[in-house]
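Thank you all for coming; I would like to walk through one model with you, slowly, and to keep the cut-offs in view as we go. Please have the sequence and the structure open while I talk.

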Amino acid sequence: MVGGGGRERVLEVMDERDLELEQDCHGLRNLSYKITSPRDPQYNCIAYAVGDLSQFWDHINVKGYYWPPGAGSVETLAGWMSIFEMHGYTETTERTLEIEYEKIAIYESADGPEHVARQKASGLWTSKMGRGVDIEHALEALEGDFYGKVVAIMKRKCQGGKRYWSEGGK
Amino acid sequence: MILITDSGTVGRVVYATAYHHGAVGTNNLIRVVVENEVLRGYVYQFLQSKLGQHQLKANIYGAIVDHIEPDDVKQIFVPIPKNKATLESIGLPALRSVELQEQAFIEQEISKIELAQCGGFPNEVDPDLPRKIHSLIEPLRPAEVSSVLALEFKAHVEKWRQETQHTSSMTKMIAHPSYRRIMGMGRDALPLIFHELKERPDHWLVALNAITGEDPVPADSKFNEAVEAWLAGGEEKGYLK
């Protein structure tokens, strides 16, 4: 079969995208993003934001899940924020890059907190998408029906002038 | 893959689904293999369009019965949009329509079997149905559970995975109707759940806990350790043969 219009190039671009993810987060169709890991059900966005890739952070009465003792409810924004307060973050209104601070952003829908992303030194944001892939993205690219809107930004001073996460890693 | 009839009613375009798995095709079908899924959906849609059909039928020969040749299909010109969004806006709905057709078939067959089992009209059940159902659930394995349950389980797992894979909330995952339906299947579903957990580790721990009333996971276990503990228990109880 003969194709016109650069079929090989199209295929190459397709391989760098997660179409199921784009169906949930429509903003990713128009704003570029980068997949940085395969799918993995063993950790979620909160775990990823605090730097723990070995556990799924949720408050549920079945063994195999982790929720920090003393943290607030998993169902509320205050509960999510309490997790990051435990890790030295405080609330801010400034979402742009401040090089001496690490930042996280919490998305909330009408159902409650849905997602959290972490800012990289480049100013872009990185997220673990539920049980799916990790991606690098613009903050507004995940806003929409699925995750709601960014309702809280928190920051903490880079410890020893260095970010907790090395930029070469996840 | 896409199939095209090349004799008699020439140019009918069919998308092969799990329903066709294990079936034997005649020599009057031309296979069109497109590796990329979205592109395959696009090509499937294009071949049914006026421009696609005109090209498919341009070289028909045969005095009594119409024929076309695979070489004719190879020469079809398929304009592929350079814009990815345009390609997707055509390819994805085409794929979705195929999925819905497949789902509709499964639902209809389940309904037929239920009717037959109620002593209704067994003659209306396709005598070849066991083979077709087997081909649909074969990748799922267990012969010891009922075909209908396995079919339903598979459909719910896929729906749950697709619709909750990007949420971080266990509450939302287990509140999904498909997850609840699977928990509602009770102990009959245990071999299926254990097999699914082994093949594609995912968040089935709540369902297993709810169905069995047990929790074999040591305290402070991480998710992967909990999965291992459940699988060991499933193996021991004969759910994973």
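This is a predicted model: local features need pLDDT of at least 70, side-chain atom pairs count only at pLDDT 80 or more; totals for chains, interfaces and linings use all residues.

Let me begin with a question: is helix α9 (residues 190-199) of chain B mostly covered or mostly uncovered? It is mostly covered, since eight of its ten residues are buried, where buried means under 20% relative accessible area, exposed means over 50%, and partly exposed lies in between, with a 1.4 Å probe and protein chains only. The buried residues of α9(B) are L190(B), P191(B), L192(B), I193(B), F194(B), H195(B), E196(B) and L197(B). Helices here are DSSP runs of H or I with at least four residues, and strands are runs of E with at least two, numbered from the N terminus.

Residues are numbered from 1 along each chain as its sequence is written, chains are lettered from A and ligands numbered from 1 in the order in which they are written, and side-chain values use heavy atoms, with hydrogens and water left out.

Staying with chain B, helix α8 (residues 177-184) gives another picture: its buried residues are S178(B), Y179(B) and I182(B). Seen down the axis of α8(B), these fall within an arc of 100 degrees, so they line one face of the helix; the arc is taken over the directions from the helix axis to the C-beta atoms. On the other side of α8(B), P177(B), R180(B) and G184(B) are exposed. Just after α8(B) comes G186(B), with a positive phi of about 70 degrees.

A positive phi also turns up at D220(B), at about 65 degrees, although D220(B) is not a glycine. This residue sits in the loop between α10 (205-212) and α11 (223-236) of chain B, and at 77% relative accessibility it counts as exposed.

Now to the strands of chain B. Strand β1 (residues 2-5) of chain B runs antiparallel to β3(B) and is joined to it by four bridges, and two strands are said to pair if DSSP finds at least two bridges between them. Within this pairing, the partner of L3(B) is R31(B).

For chain B overall, there are eleven helices and four strands, and 45% of the 241 residues count as buried. Taking contacts as heavy atoms within 4.5 Å, 61% of those in chain B between residues at least 6 apart in sequence join residues at least 24 apart.

Let me turn to chain A. Which order do the strands of its open sheet follow? Seven strands run in the order β2-β7-β6-β5-β4-β8-β3, with antiparallel pairing, and the edge strands, each pairing on one side only, are β2 (34-35) and β3 (90-92) of chain A. Inside that order, β4 (residues 101-109) and β8 (residues 149-157) of chain A pair over eight bridges, and I106(A) stands opposite A152(A) in β8(A).

Another place to look is V74(A), in the loop between α4 (45-50) and α5 (77-86) of chain A, which is buried with a relative accessible area of 14%. Not counting residues up to four places away in sequence, V74(A) touches D58(A), H59(A), W67(A), W80(A) and P113(A). V74(A) and G112(A) are 38 residues apart in sequence and 9.1 Å apart in space, C-alpha to C-alpha.

Finally, confidence, where pLDDT is the predictor's confidence in each residue from 0 to 100. Chain A averages 88, with 87% of the residues scoring at least 70, and chain B averages 84, with 84% scoring at least 70. In chain B the lowest confidence is in helix α5 (residues 129-137), at a mean of 55, and the highest is in α11(B), at 96. Values stay under 50 over residues 1-15 of chain A and over residues 137-145 of chain B. For the complex, the predictor gives an ipTM of 0.86 and a pTM of 0.63.
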